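I am opening my notebook on a structure that is new to me. Come along as I look things up one by one.

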Amino acid sequence: MAASPLPPALAGQIDVLMIDNFDSFTWNLYQQISLLGANVTVIRNDAIQPESFPRLKIKSLIISPGPGHPQTDSGISKAAIDYFKGKVPIFGVCMGLECLVDLHGGEIGYAGEIMHGKVSRIRHDNRGCFKGIPQGIKSIRYHSLSASHATLPSDLAITSVSDSGVIMGVRHRKYTLEAVQYHPESILSEGGDDLIRNFLSLRGGLWEENPHSDVLNNTLPPFPVEALPEEIALDASAASKAPTILEKIYAQRSKDVALAQSTPGTTFADLETLYHLNIAPPLISFTHRIKQTDSNNPALLAEIKRASPSKGPISLSTSPAAQALEYALAGAQTISVLTEPQWFKGSLQDMLHARLSVAHLANRPAILRKDFILSRYQVLEGRIWGADTVLLIVSMLSEAVLRDLYKYSLELGMEPLVEVNNVKEMQLALSLPAKVIGVNNRNLHDFKVDMETTSRLSDMVKGKDVVLCALSGISSPEDIQRYSSDNVKAVLIGESLMRAEDPASFIRHLLSLPARRDLSSIWDKARPLVKICGIQSKHEALAVAQAGADMLGLMFVPNSKRHIDLETAKDISAAIRTLRYSKPSRSPPPEIGSIPWFSAHASRLSAASESRPLLVGVFQDASLTEILHAVSYAQLDLVQLHGSEPTDLAHHIPVPVIRVFHVGNGSGTNGITRGGAHQFLLLDSLRDDGSNLSGGAGKVVDWDFAKRIVDAGEILRSTHSYSSPTQPTSSAHDEETKEDAATTVKAVPSKLPLPIILAGGLNPTNVAEAIKRVGPWAVDVSSGVETENRKGKDIDKVLAFIQAAKGTTI
């Protein structure tokens, strides 16, 4: 049988088709849309049959309000939504929202309150039809039914809620299909015209065709169901709607992210610019680093956490930088830093400081941004501020958002730590497929700890390329031993470490590790290396090398009486390299583990005896071009910067660098413990000629001052000064010298003494005493071993100096 002909009003092109569900508000809605410039055609919900839909030529569809329930009183409305979705934009009001939800499988039931002509304030997600509309707008409501939170289909997203927690708006995640429960056409509803105007601007049936709507903008946080007002939360009838701790945190972080993204200088576009300019610190592989552990112990994720919602303040005064370095030196594979400010008292600055404090360790820990990540913005933000990985909490994110954030993290080079708490979440994490999965023993909705959670889920990762981590509540060796037997490869420890008086000792206790060796024995202070400076010929170089020198200094300072040209340096280099090549090869030295920058470099050079003596080119305020040419032509092993060169110059020199500190009157040590550029430190005595330079005068360094520098160590934490209490005040130095004198150090001898090269006025008769009193890593001499006429080295003096320095007979 032929289909019934369309009514004449429906035969041509239709701008907006509105289906009237027999409601008086349809006229108000028609008038509002018409006043905004659209041509509206209205039909009753029984005017035509669904079979006629293919013959309709419409640009958009609106489903009007109406009495009753969508399953019994909506006529063709649901069928129209089903047919036209994906083809044209569709908007529903009141009954229109209920039709949309019911069509997709959600439940429509009693809203918990009867609203007839009453005003409520609503919050929304600022996307789609709500884009650009102020928050907290007033809305007129005429309904007793609403969509259920619990049964809302995954295809639909909540776009707005009332102040009592009732759903006021939904949107299809793919199709241009949106609806509101309240009446935007009412004179008492705020922002109604803007809402409809946004709808009328849509084209096509997919959100991807409407990028201006921001519906698919992943840099914006998902819309949270906001926390209820206190008077609602205390109402027993509304208790089931009260937000959990996680929901409260989620809501606050959403606001934080929105504010950050709207602030000039921290927008998503600003962060992308920083990323493309390589402002983000270099990454290391989280998965690779977390697997670097012996087979008997799980990897350690050591956490920096000042407070928590469940315990309140834990350690508010802790320095994240100092704590991170302590964790790293104790052997942590990862450092987790809380960056949430309100409940955990963390910040991005905390994470950056932690990252910077371990940056110069040879095998530094990975840095984890521990936060409530809900948008791409936070992932990129974490990367910019120094994270190697981020935490993704499955229970807090929709599947679509979780997959997007996981994918985006990988695009930035970061394998996330994916947190789960139950079987369903574990299945989802495995489907990503996540490589590092953390089972949180603490339920983030009520913050209760169940230590059996990890054990129950461990079987799900057996046989898979997944590192399983146990998170929260771990405080004893027994906890770790139990999890190790459950296939757990890593543990996160936070509160107990933050409360520990000695975190390093506590880590060794938890992991049943032996006592940490005394790091001062890594480079042997009793047998320091010897550098003979001012070598002027091949013959002299070979004689000094045979005497046992570890380093030979070649002077490239033009006004020095020991200056040599490049051809002489080349001859010396060829002779010394031939000598070195004649030595038998040795096995590589053992790994030195996690120790600070200068200690690591000093230890490695001390262990590499077969490569000595090393050739050191000495320069004073020379150009980079001159230095690089000399390094290349004479095949220098090291460069010594003996002037006032900027610290960063060392980054451009392809061989290790010795930086000289010109000390005198208790000053000249500003920045001496800053690692990452030059590899070695040399203390020389400040000359009396006002040049602010050192060397060449045979002037002895203040050994007591040098001793305080060594003992203060490579890691400075307290407010003691290098200077002695009786240090005289010098008027000959500028403000930088005054700053030097205020450098802070630790009060007692450090477990990590600073390896220095001691120079200045040394000779065969005083070097043994200098070593005994100062404890340097190496000693440097030039004029103290020269002939009487200062024309070259006295080999007998050289031999005596080396024997005295090393305490041996050669």
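**Entry 1: I290 and its surroundings.** I began with I290 and listed its contacts, leaving aside neighbours within four places in sequence. I found A299, L301, Q333, T334, V436, V467, C469 and A490. A reminder to myself: this is a predicted model.

**Entry 2: the cores.** Next I asked which residues have the most contacts inside the largest nonpolar core. They are I290, Y327, I335 and M426, in a core of 95 residues. I then looked up which helix gives the most to this core, and it is α10 (residues 320–330), with six residues. Apart from this core I found another, of 60 residues, which includes F619, I653, I709 and A770.

**Entry 3: strand β19.** A490, one of the contacts of I290, sent me to strand β19, which spans residues 490–493.

**Entry 4: the partners of β19.** I looked for strands that pair with β19 and noted two. Strand β10 (residues 299–304) runs parallel to β19 and is joined to it by four bridges.

**Entry 5: R355.** I moved on to helix α11 (residues 348–357), where R355 lies. Where is the nearest side chain of opposite charge to R355? It belongs to D388, 4.9 Å away. R355 is buried yet has no salt bridge. Not counting residues up to four places away in sequence, I saw that R355 touches P281, P282, R364, I367 and G386.

**Entry 6: helix α21.** Last, I asked why helix α21 (residues 597–607) is largely enclosed by the rest of the structure. It is because eight of its 11 residues are buried. I wrote them down: W597, F598, S599, A600, H601, A602, S603 and L605. What do the buried residues of α21 pack against? I found strands β20 (529–533), β22 (614–619), β23 (638–641) and β25 (680–685).

Key
Residues numbered from 1 in each chain as written. Predicted model: local features only at pLDDT ≥ 70, side-chain atom pairs only at ≥ 80, totals over all residues. Heavy atoms only, no water. Buried < 20%, exposed > 50% of the residue type's maximum accessible area, 1.4 Å probe, protein only. Pairing = 2+ DSSP bridges. Lys, Arg positive; Asp, Glu negative; His and termini not counted. Salt bridge = Lys/Arg side-chain N within 4 Å of Asp/Glu carboxyl O. Contact = heavy atoms within 4.5 Å. Core = buried A, V, L, I, M, F, W, Y, C linked by side-chain atoms within 4.5 Å.
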